[in-house]
Amino acid sequence: MYRNFFKIAFRSLLKNKVSAFINIGGLAVGMAVAMLIALWMNNELSANQHHQNYQTLYQVMMHQTFDGERSSQVAMPYPLGAELKTKYPDFKAVAMCDWGEKRALVAGNRKFLKRGHYIGAEAIAMFSLPILSGDKNPLKDPYSIVLTEKTAQAIFGKQNPLDQIIRVDNVVDVKVTAVVAEQPQNASLQFDYLLPWDLQIKLYDWVKTSATDWKDNSYQVYAQLKEGLNPEKTEAKIKDVVLNHVSEDQLMQKAIKPAVFLHPMSKWRLYGEFENGKNTGGFIKYVRLFGIFGLFILVIACINFMNLSTARSEKRAKEVGVRKAIGSRRKQLIGQFLSESLLIAFLALVLALILVAVFLPSFNALTEKELSIQFGNPAFWGLMFVFTLLTGLLAGSYPALYLSSFSPLKILKGGFRVGKSAALPRKVLIVVQFSFSIVLMIGTMIIYQQIQFVKNRPIGFNNQGLISVAISNDLTQNFEPLRNELLASGMVSSICKASSPASEIWSNGNGWEWRGSSPADKGTLFNVVATTYDYTQTMGIELKAGRDFSREFSTDATGVLLNEAAVKRMGLENPVGEIIKWNGKTLSVVGVIPNINMESPFQSISPLTIVFDKDWVECLCVRINPNVSSSEAIAKIGPIFDKYNPGFPFDYAFADAEYAKKFKYTAFIGKLSLIVSILAIFISCLGLFGLASFMAEQRTKEIGIRKVLGASVAKLWQSLSKDFVILVLISCLIAAPIAYYFMNEWLQKYTYRIEISWWVFAVAAIGALVITLLTVSYQAIKAALVNPVKSLKSE
């Protein structure tokens, strides 16, 4: 019986080639989009699950109160790690970790700049890092280093890397004690190498100072709970561990109410946002959003099948009547029609897999992933079978139930006609299709507007031709001769030291006091940048008042620059010359700068203080001579940096390129929304084309009669297109408020945002109407041009 079902289904496809092509093509595109989005979603949702201790690993975080708002941070004090490890038996292991940065790794005459971490020795077991060769506890020796397989191959080639010596940052020699496998692309802990945590304290005095400082929140802490323990109970025990180390005279530290808590590994990637001390989600909202997109694209493709199948009901009515008359039961007819839909679904699956294989490299480039189809995995084929089965049943259920319900008596007596009530479900489905497509069109335009609006936002300084170079001991010691030679080369117009590059701010602090401030104001958090001379010149900042730090004024060692947001927060009318204090140190305001945007372009500018500090240096900012091309300048200044910094490869970052990276996720959302909206429109129009073709065929004699009675081609085109235009207009009316609500909600998370304009909805409506008319017009005009003699000769 089932064999006959599929044989008849195959013959039906051959008989109705256009309809079969539209159904299979539309379903294939829908299934391909759903598959690609599912691959991406699975990659995001399975992040970090390769770790054996996934269920018991946590990042130790802290809530603090600044200016009445509860903020949450991963930056923790150095002594916290030892405190948790020694005094709280709930923890199986605790590992300290730095933020990860590029460091110079030199082996012989081979120099590499790789990104890695100083991390606690326990981390290897905690994160279950697969050791390919070497010591099972490779970080126990403070003068050791662990390399990933790719890094080991890059540095040593085919040589055995174990026990080889690497010089790090031209400061210390370490021995390779192990090689570990690369971390998956969706892992939170990414690195090229790992260095022992204990090595830092041997190398840097500032780390020794931090080791006992409970106020210096500059490190990360990872912890593993013992099996079976309730994390909430452990969290209650450690909540006040930082607060308990604040002395009675440190009133400001007590006022910020530090509260330690545990953030589980399962939430690291997708639930990283906090608001007023509550975890409010994070990237998970985009995962859910595109999951909905994928589902709707698939539903739109299924709607095409439903519409075309029910539209052809009159042609298949006699088949149903005959089958019922000779004894077919309704469930057998339902089985027949479902067999057709399943056949179409499985043919669409083959085409969808081909489309996925073809477009996966482009999709990987868009998402910056390394996704692949596991063709050799039986679970994959099982999943595809279930996916296709559900798709076929979803697409075929309504047509099967509808067609099998026909009365054989009415059909065979010739009295069966498909009335207006039968067309109503099709019209509803078309409205649903186009409503979703128009919502996507509106959303895509608003996202594009928001991105352009923020990109055009004044940033307060010139980031063109500005590069940053990571600092080293050699660069610090040779700064003056380096500066002189760079300026003499004619390739550089200015250079300065800074505690953070132009595209980021790496430090902030409270404890600020000013004239008229209250004790509570000391809890206000100000961003902090440390520099020496030529900062505003190098950055291209035009001062609003006062001056920059100058070599002519010895008092500038206690000088400070404020941005306009800081001046406003302090309530200073004439800030230049004002005396302010930072943690007891007296500073004099020498200048005011505009609100330069070094952080998120989507948010308001935070108060910023720029302090003079010769020792607090993390990078060099270099302004390329505007009369010289960037490529020429880089080629000329590279050897100069190599001369004064021989232990490091010359590495730099352009400020404008780093700033552009801040739009990464928003631009990704915009691109993916654009692609999905185009595909939604394409699939909808594919179904519309099929319906228009069928409607024109069904009304052939009516068109012939109208032409005989004098109707023009334009009138006939209008008659055939009118119904579809009305449906699209209804879709526009439904889509507009839905799109406005969701996009307005999306915009609320940005402080700096656009106002949604009425013309966006007008453009989307006009675009939908034009696309509809272009799709329908071909069939309408083709039918209108047919010679009436041909269409009426059988009458």
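**Stop 1: a tucked-in asparagine**

Start by selecting Asn48 and whatever touches it: leaving out residues up to four places away in sequence, you'll find Tyr54, Asn186, Ala187, Ser188, Met265 and Trp268. Contact here means heavy atoms within 4.5 Å. Before you go on, know that this is a predicted model, where local features need pLDDT of at least 70 and side-chain atom pairs count only at pLDDT 80 or more, while totals for chains, interfaces and linings use all residues. Residues are numbered from 1 along each chain as its sequence is written, and side-chain values use heavy atoms, with hydrogens and water left out.

Where does Asn48 sit? Its place is the loop between α2 (17-45) and β1 (57-66). Those labels are DSSP runs numbered from the N terminus: helices are H or I with at least four residues, strands are E with at least two.

Is Asn48 buried or exposed? Asn48 counts as buried, because its relative accessibility is 1%. The cut-offs are under 20% relative accessible area for buried, over 50% for exposed, and partly exposed in between (1.4 Å probe, protein chains only).

Now show the atoms of Ser188: the side chain of Asn48 reaches the backbone nitrogen of Ser188 at 2.8 Å. That is a polar contact, meaning a pair of N or O atoms within 3.5 Å; within protein, one must be able to donate a hydrogen and the other to accept it, and residues adjacent in sequence count only if both atoms are side-chain atoms.

**Stop 2: zoom out**

The protein has 26 helices and 27 strands. Of its 795 residues, 51% are buried. Take the contacts between residues at least 6 apart in sequence: 79% of them join residues at least 24 apart.

The protein exposes about 37,400 Å², and carbon and sulfur atoms supply 57% of that. The area comes from the Shrake-Rupley method with a 1.4 Å probe; for residues, only the protein chains shown count as cover.

**Stop 3: rings**

Next, select Trp40, Phe283, Tyr286, Phe290, Phe293, Phe296, Phe436, Tyr665 and Phe668, which form one aromatic cluster. How many aromatic pairs does the count come to? The total is 33. Rings of Phe, Tyr and Trp (its six-membered ring) pair if their centres lie within 6.5 Å; planes under 30 degrees apart are stacked, over 60 edge-to-face, and the rest tilted.

Select Arg457 and Tyr752: the charged end of Arg457 sits over the ring, 4.1 Å from its centre. Then try Arg547, which lies over the face of Phe553 at 3.9 Å from the ring centre. To count, NZ of Lys or CZ of Arg must be within 6 Å of the ring centre and within 35 degrees of the ring normal.

**Stop 4: out in the open**

Jump to Arg515, in the loop between β19 (512-513) and β20 (526-531). Arg515 is exposed, because its relative accessible area is 56%. Leaving out residues up to four places away in sequence, Arg515 touches Glu578 and Ile579. With Glu578 there is a side-chain to side-chain polar contact at 2.4 Å.

Lys636 is next, in helix α20 (residues 630-644). At 46% relative accessibility, Lys636 is partly exposed.

**Stop 5: loops to finish**

Check the backbone angles at two residues. Asn170, in the loop between β9 (165-168) and β10 (172-180), has a phi near 55 degrees, a positive value in a residue other than glycine. Asp534 isn't a glycine either, and its phi is about 70 degrees. You'll find Asp534 in the loop between β20 and α18 (535-539).

End at Ile596, in the loop between β24 (585-593) and β25 (608-612). Ile596 is buried, with a relative accessible area of 4%. Residues touching Ile596 include Ile459, Phe461 and Leu608.
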